[in-house]
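Work through the exercises below with the model open. Try each task before reading its solution.

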Amino acid sequence: MRILLLISLLVLAGARQDSDAHLLVLKSVDPSEPVADQHLTVSVNVFNVGKSPAFDVEIDDSLWPAEGVVKVEGENTAKISKILAGSNQTHTYVIKPQVPGELNTVASKVVYKLEPEGEDAKVVHSNTLPVLKVLTQAEYDKLHTKHYKEWFTFFVLSLIPVGLPGCMFMMAQTKLAELDSASAKRK
């Protein structure tokens with residue numbers, strides 16, 4: 001789905017005819033099913049789909065909830081001096097959600113200039129991620145295990161309603177065959 005979003009954004013941006021820098025921002029998390037007390041990698045990809053470079057690019061993704069989220073590695077803000085036309089930059093950092101439940105996210109904010117010493121700044125925002133459901137380790141394991149024990153139990157228990165009548169049918173067929181052969185011998 002991210003690829004489809006990115007392609008549609010690039011197509012729409014490609015339709016622009018101006019020669020200025022134009023930035024598109026894509027925010028993503030990995031894994032998509034976060035687990036409490038496990039690392040969650042946040043990536044903010046900034047694409048320059050314009051015809052000229054963007055200068056003094058500032059990425060701000062600091063609007064995570066203050067409670068329940070701990071920064072583990074990297075910073076949630078970044079400064080990039082220049083992003084050339086047709087290229088991209090990725091900023092990545094790691095957080096750790098501490099409590100299970102819902103984690104609301106906000107779009108990342110990117111501010112950039114069209115000229116190296118220019119005063120006018122443009123602001124763009126990334127996509128907004130859906131509410132992330134932070135799972136406990138037990139919930140995650142329950143969703144992602146193979147459940148071999150449960151399938152074996154199901155197979156054994158399904159033999160009762162299917163296998164028992166089948167055995168009864170086979171015994172009845174055998175008995176009928178014996179009676180049929182016995183009556184054929186008497187004639």
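## Exercise 1: A charged pair

Lys-27 counts as buried, at 1% relative accessibility. The model is a predicted one.

**Solution.** 
- Step 1. Lys-27 sits in strand S1, while Asp-61 belongs to the loop between S3 and S4. The pair therefore ties together parts that are 34 residues apart in sequence.
- Step 2. Check the partner's cover. The cut-off for buried is under 20%.
- Step 3. Side chains of opposite charge can pair when their charged atoms come close.

## Exercise 2: The other salt bridges

**Task.** State how many salt bridges the count comes to. Then describe the pairs formed by Asp-56 and Glu-75.

**Solution.** 
- Step 1. The count comes to three salt bridges.
- Step 2. Asp-56 pairs with Lys-113, and their closest N and O atoms are 3.9 Å apart.
- Step 3. Asp-56 is partly exposed, at 32% relative accessibility. Lys-113 is also partly exposed, at 24%.
- Step 4. Glu-75 pairs with Lys-71, the closest N and O atoms being 3.1 Å apart. Glu-75 is partly exposed, with a relative accessible area of 44%. Lys-71 is partly exposed at 41%.

## Exercise 3: The nonpolar cores

**Task.** In the largest nonpolar core, identify which residues touch the most other members. Then trace which strands each supply at least two residues.

**Solution.** 
- Step 1. This core has 14 residues. Leu-23, Val-46, Val-57, Ile-59, Val-110 and Tyr-112 touch the most other members.
- Step 2. Five strands qualify: S1 (23–30), S2 (40–48), S3 (54–60), S5 (77–83) and S8 (109–113).
- Step 3. Look for a second core. A separate one has twelve residues, including Val-29, Ala-36, Leu-40 and Val-42.
- Step 4. Now take Tyr-112 and set aside neighbours within four places in sequence. Its contacts include Ala-21, His-22 and Leu-23, and also Ala-54, Phe-55, Asp-56 and Val-57. Asp-120, Ala-121, Lys-122 and Val-124 are among its contacts as well.
- Step 5. In soluble globular proteins, nonpolar side chains tend to be buried together.

## Exercise 4: Helix H3

**Task.** Find the aromatic pair and classify its geometry. Then list which residues make the nonpolar surface patch of about 550 Å².

**Solution.** 
- Step 1. A search of the whole structure gives one aromatic pair. Its members are Trp-151 and Phe-154, with ring centres 5.9 Å apart.
- Step 2. The ring planes stand at 90°, so the pair is edge-to-face. The cut-off for that class is over 60 degrees.
- Step 3. Both residues belong to helix H3 (residues 148–186). Because they are three residues apart there, about one helical turn separates them.
- Step 4. Trp-151 is exposed, with a relative accessible area of 56%. Phe-154 is exposed as well, at 53%.
- Step 5. The patch is made by Leu-157, Ile-160, Leu-164, Met-168 and Met-171. Leu-164 lies in helix H3 and is exposed, with a relative accessible area of 52%.

## Exercise 5: Val-72 and the whole chain

**Task.** Locate Val-72 and list which residues it touches beyond four places in sequence. Then say in what order the elements run.

**Solution.** 
- Step 1. Val-72 is in strand S4 (residues 69–73). It is partly exposed, at 36% relative accessibility.
- Step 2. Val-72 touches His-39, Val-94, Ile-95 and Lys-96. Leu-40 is 32 residues from Val-72 in sequence, yet the C-alpha atoms are 9.1 Å apart.
- Step 3. The protein has three helices and ten strands. From the N terminus the order is α-β-β-β-β-β-β-β-β-β-β-α-α.
- Step 4. Among contacts between residues at least 6 apart in sequence, 68% join residues at least 24 apart.
- Step 5. Of the 187 residues, 28% are buried.

Methods:
Residues are numbered from 1 along each chain as its sequence is written. This is a predicted model: local features need pLDDT of at least 70, side-chain atom pairs count only at pLDDT 80 or more; totals for chains, interfaces and linings use all residues. Side-chain values use heavy atoms; hydrogens and water are left out. A nonpolar core is a set of buried Ala, Val, Leu, Ile, Met, Phe, Trp, Tyr and Cys residues joined through side-chain atoms within 4.5 Å. Buried means under 20% relative accessible area, exposed over 50%, partly exposed in between (1.4 Å probe, protein chains only). Helices (H or I, at least four residues) and strands (E, at least two) are DSSP runs, numbered from the N terminus. Contact means heavy atoms within 4.5 Å. Rings of Phe, Tyr and Trp (its six-membered ring) pair if their centres lie within 6.5 Å; planes under 30 degrees apart count as stacked, over 60 as edge-to-face and the rest as tilted. Patches are made of residues with over 30% relative accessible area and no salt bridge: like charges are joined within 9 Å, nonpolar side chains (Val, Leu, Ile, Met, Phe, Trp, Tyr) within 5 Å. Accessible areas come from the Shrake-Rupley method with a 1.4 Å probe; for residues, only the protein chains shown count as cover. A salt bridge is a side-chain nitrogen of Lys or Arg within 4 Å of a carboxyl oxygen of Asp or Glu.
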